[in-house]
Amino acid sequence: MEGEVIRNLTIIDAAHDGAGIGRHEGMVVFVPMALKGDVITCRITKREKRSVRAELVAIQSPSPDRIEPQCPHFYDCGGCTYQTLSYAAEAKLKEDRVKNTLMRIGGAEEGVLNPILFADESDGYRNNVQLAIGAEEDGPKLGCRARGSHRVIHTPHCRLMPSVMRPVYHAFYEYLCQYHGELCTKKGHQLRHLCLRTAQSGLMATVVGYPPALPHAQELASALKQAGAVTLCYHQNTKPGGSVFGPGPMKTIYGDGYLTDTLCDLSFRISPKSFYQVNHAQAQRLYDEGRRYAALGPGETLIDLYCGTGTIGLILTSTGGKLIGVELSPSAVCDARANAQRSGRPDAVFYEGDAGTVAKELLKEGITADVLVVDPPRKGCDDVAIRTIAAFSPKRIVYISCDCATLARDAAKLKELGYVLKKATAVDLFPRTPHCEVVSLLVKATE
């Protein structure tokens, strides 16, 4: 029952969200903050049919891989999970989880998964940081949500945020403090988020709120310029809920309103709303692996569903071949077309719309693919997209995923349609969190 204390619980594994897993009296016990190898005391907080959720009370015997967290915000902040786990153990944990998931759910054979490509740097790697803005009794807060809560905590020393962002962080926080009384209402803070992005061309700051215009925009612009931001944008998001970006307008306060970056020797434009991998060094390794799997030959056609800003498709076809991309986000399609021009690929074609719907239209026009690449959102591909992928009858499918469970599920569905998971590589783009990217190759069963 809830409130029951469990002693001498050995943590034997980790769940997809990073919680430790133990077993007690035939029940699976999930314990956030507990690590594989710990022996703990915990208290049950929630009971399900076959499992319970518990809070960590004490560590009786620590895991040999447990370390002291370097981040002062760790025990309050919900942004990281593995600050108390050695990075070598974290990488091994992710590799094992990907392997077991692909075999158990996806039907992959032993030996399909290559060794994980772990990160050289586990601190300061994020080129995109989205900070929540909160109003507490003691003043404004700028940072992450507290662990298991919607409350915003101040995180100026976040270990994942690169040092170049810190002056802009502090300048914006001073602006919040100066105009705090004016920016707060009975409903809370009028400003919701500060988004910081870095690239080769500099740092971009995007403020998200619900007023039609950014309050005291010129004062903020002056402060952020001095702190090193090359461009400042304001996005009005009146949509209820916790989403950072919504359908509202985006206004450039100063600068270009976008950044440029070089990845795998190609130049890309990045707008505030556009998807771009958060770890530059690891993204290069991910896409290099994808390019090797695609093995696109001269004259072959690659179709890139969920193409975003065109990054993957342009990189995978950089040695030759025709590119057709599909993307739902209008701003990302705009960036993709600009990126194709920047890369000397005016022949690349990008369609705006739902991946499954547009793909069906391409099939009606008689367009086929030699190689098809997908990098879907965390929820994976829907059944329409899966059937359409197979309908193109590509020789090879390169599937890039940020959730190995949905990748495995979709691989099992594609297996029923004649495609076998032949190779996969986990690439750790998100050190200190439970997340991991996987690039995989599926080929026709006859090949």
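These notes go through selected features of the structure, from its sheet and helices to single residues.

1. The model is predicted, so local features need pLDDT of at least 70, side-chain atom pairs count only at pLDDT 80 or more, and totals for chains, interfaces and linings use all residues. Residues are numbered from 1 along each chain as its sequence is written, and side-chain values use heavy atoms, with hydrogens and water left out.

2. An open sheet of 7 strands runs in the order β10-β9-β8-β13-β14-β15-β16, with mixed pairing. Strands (E, at least two residues) and helices (H or I, at least four) are DSSP runs, numbered from the N terminus; two strands pair if DSSP finds at least two bridges between them. The edges are β10 (152-154) and β16 (250-254); each has a single partner strand, so one side of each is left without a neighbour in the sheet. On average, neighbouring strands of this sheet are turned by 35° against each other, direction ignored.

3. H235 stands opposite M250 in β16.

4. Helix α2 (residues 166-178) lies across β8 (128-136), β9 (139-145), β10, β13 (191-199), β14 (202-209) and β15, and runs at about 140° to β9. Axes are lines fitted to C-alpha atoms, for helices over the stretch in contact, and angles run from 0 to 180 degrees between N-to-C directions. Contact means heavy atoms within 4.5 Å.

5. Which residues of helix α8 (residues 355-364) are buried? They are A355, G356, V358, A359 and L362, where buried means under 20% relative accessible area, exposed over 50% and partly exposed in between (1.4 Å probe, protein chains only). Seen down the axis of α8, these residues fall within an arc of 165°, so they line one face of the helix; the arc is that of the directions from the helix axis to the C-beta atoms. Their cover includes β19 (301-305), β20 (322-327), β21 (349-352) and α9 (383-391).

6. The N-terminal end of α8 is capped by D354, with a side-chain oxygen 3.2 Å from the backbone nitrogen of G356. G366, which follows α8, has a positive phi, near 85°.

7. K94 lies in helix α1 (residues 87-104) and is buried, with a relative accessible area of 0%. Its side chain makes a polar contact of 2.8 Å with that of E90. Such a contact is a pair of N or O atoms within 3.5 Å; within protein, one must be able to donate a hydrogen and the other to accept it, and residues adjacent in sequence count only if both atoms are side-chain atoms. Not counting residues up to four places away in sequence, K94 touches residues including I116, D428 and R432.

8. R432 is not a glycine, yet its phi is positive, about 75°. This residue sits in the loop between β24 (419-427) and β25 (437-444) and counts as buried at 8% relative accessibility.

9. I40 is in strand β5 (residues 39-47) and counts as buried at 0% relative accessibility. I40 and N8 are 32 residues apart in sequence and 5.5 Å apart in space, C-alpha to C-alpha.

10. The whole structure has 0 disulfides, a disulfide being a pair of cysteine sulfur atoms within 2.5 Å. For C144, the nearest cysteine sulfur is that of C77, 3.8 Å away.
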